[in-house]
Amino acid sequence: MRLQQLVWHQPAAVTISLPFPPLLESWERSDHPAQQRLTTYQEKLRELTASALHDLAPPLALGLHAGGRPDIEAGCDLDNFLTPVVKALGGGNQFSIVWATRGRTDEPASLTLAPADALAFDPADAAQIQIDLTASSTKPAWKEQIAAALGDHETAATNEPIDLAIVFTASPARNWVSLWKPTIDALGGILGEGSRPRHPGDDRIRQLVLIRQSREDIGWATALTIYWKPSQLQPRHRPPQPLSLDAGEQPRRSSTVGPPFEPTPAVRLTGDEQLGETGMTVIDFWQWAFSDLRENVTRGLLAEYLVARAVGDHRPIRSAWDNFDVLTPTGIRVEVKASGYLQSWRQKALSPIRFDRLTGAEANDDGTYAPGRSIRADVFVFAIHTRKTPIATTRSTSTTGNSTSCPPASFGRLASARSVAFLKAQEPAQSAGADSPTQSPEPARSSVRREPGLQVEIR
């Protein structure tokens with residue numbers, strides 16, 4: 001049972017060494033010294049993580065390596081360390097994966113921040129149970145339902161360290177952080193009970209993983225999937241550190257061991273290629289993966305493609321790792337950002353139009369990144385899918401009979417003239433320095449190549 005970091009997301013993860021030990025959640029009154037210490041602690045956490053959080057878009061993953069306290073190896077609950085950290089850094093809606101590992105007194109604490117999709121949870125050979133709950137988490141019935149469904153397990157009779165993971169499936173309107181403690185308090189059937197009922201031996205937990213899955217149709221019910229196994233983490237375990245960031249320092253990439261791996265050149269596929277001996281083809285995969293053009297990643301790729309065709313980018317294949325998206329025949333570097341009001345999931349309201357990550361660390365040819373952040377393109381194209389009402393899907397526009405994708409005609413607006421904005425990398429002082437296109441000066445128009453049916457303009 002482990003959280004596995006996906007290789008292609010590694011540059012996006014940041015680990016910050018904390019110059020102070022972590023503090024536990026406090027339930028004292030606001031003027032109590034413990035609460036005042038906690039408030040100061042949370043303010044310092046926000047200062048240390050401000051830069052990293054600015055560069056990452058939710059949902060996020062957060063990891064805490066809890067060390068540096070004399071009582072860290074006994075008597076401290078990992079969820080009570082995580083709660084004040086998550087509250088300080090934006091609350092439960094900001095994070096869909098949080099985890100904590102138990103360290104030692106003689107090693108520092110650290111925080112890791114990453115996009116949530118940079119991590120994959122692998123339950124491996126862990127025991128598991130699923131529990132459906134209808135009670136309120138603030139009532140005794142919550143713990144009673146969990147305890148009754150859980151029963152007793154062999155691990156409850158031992159004192160060995162345990163790794164524990166809980167997946168909470170709940171409405172996005174729920175504050176899932178408030179579900180952690182009452183849930184773990186009911187796990188005596190796994191952790192063993194303490195001197196009183198509903199006070200389990202949760203100081204046995206060496207690694208704790210908490211995952212949120214949102215479902216609009218679940219109402220106020222909650223579904224739990226609980227995984228556990230004897231811990232294989234050593235007391236001196238430190239979380240993976242793809243980037244190290246000591247307090248007050250700039251991020252720096254860890255050194256590379258051994259020679260770099262040089263990828264072979266990619267070739268343009270036709271779609272007829274066979275996927276091994278499965279009888280399936282590449283086009284089958286494309287249709288399965290990319291038929292829903294409203295999905296945010298696919299919508300962004302579509303916008304890049306439309307702009308590339310419009311300006312005459314003759315490169316046969318998109319390069320995902322360039323510092324820009326599109327290259328004109330005259331060498332102008334174009335970055336394309338896409339957004340839309342409608343999503344591929346059920347919405348209560350239209351999504352706000354937002355464009356993020358206009359700056360970034362420039363990638364070098366050797367796989368490293370230049371220090372600092374900069375605007376890496378000469379021109380920005382901001383593409384907006386302007387439709388605000390869903391369109392029924394027909395067989396001519398989709399491979400399925402339900403509303404899984406909008407007709408292609410509605411995506412012609414992705415690159416309309418009204419959706420274009422710009423920033424000039426040569427004039428950083430004028431182009432906001434901050435990540436906002438609204439302060440950009442009006443440049444002179446430059447002609448671009450147009451193709452029939454594509455309403456694309458760079459001005």
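Is Phe121 buried, partly exposed or exposed, and what is its relative accessible area? Phe121 is partly exposed, with a relative accessible area of 22%; buried means under 20%, exposed over 50% and partly exposed in between, with a 1.4 Å probe and protein chains only.

The legends below describe a predicted model, in which local features need pLDDT of at least 70 and side-chain atom pairs count only at pLDDT 80 or more, while totals for chains, interfaces and linings use all residues. Residues are numbered from 1 along each chain as its sequence is written, and side-chain values use heavy atoms, with hydrogens and water left out.

**View 1. Overview of the chain.** The secondary structure comprises seven helices and 15 strands (DSSP runs numbered from the N terminus; helices are H or I with at least four residues, strands are E with at least two). Of the 459 residues in the chain, 45% are buried. Among contacts with a separation of 6 or more, 72% are between residues 24 or more positions apart; contact means heavy atoms within 4.5 Å.

**View 2. The aromatic pair of Phe20 and Tyr41.** Eight aromatic pairs are found in a search of the whole structure (ring centres of Phe, Tyr and Trp, the last by its six-membered ring, within 6.5 Å; planes under 30 degrees apart are stacked, over 60 edge-to-face and the rest tilted). Phe20 and Tyr41 form an edge-to-face pair, at 5.7 Å centre to centre and 75° between the planes. The pair links distant parts of the chain, 21 residues apart: Phe20 lies in the loop between strand S2 (14-17) and helix H1 (33-55), and Tyr41 in helix H1. Phe20 is buried at 16% relative accessible area, and Tyr41 is buried at 4%.

**View 3. The aromatic pair of Phe121 and Tyr227.** The ring centres of Phe121 and Tyr227 are 5.2 Å apart with planes at 65°, so the pair is edge-to-face. This pair also joins distant parts of the chain, with Phe121 in strand S6 (residues 119-122) and Tyr227 in strand S10 (residues 222-230), 106 residues apart. Tyr227 is buried, with a relative accessible area of 12%.

**View 4. The surroundings of Ser339.** Ser339 belongs to strand S14 (residues 333-340) and counts as buried at 9% relative accessibility. The Ser339 side chain reaches the backbone nitrogen of Arg354 at 3.5 Å. Beyond neighbours within four places in sequence, the contacts of Ser339 include Arg299, Pro352, Phe355 and His385.

Key: Polar contact = N/O pair within 3.5 Å; in protein donor to acceptor, adjacent residues only side chain to side chain.
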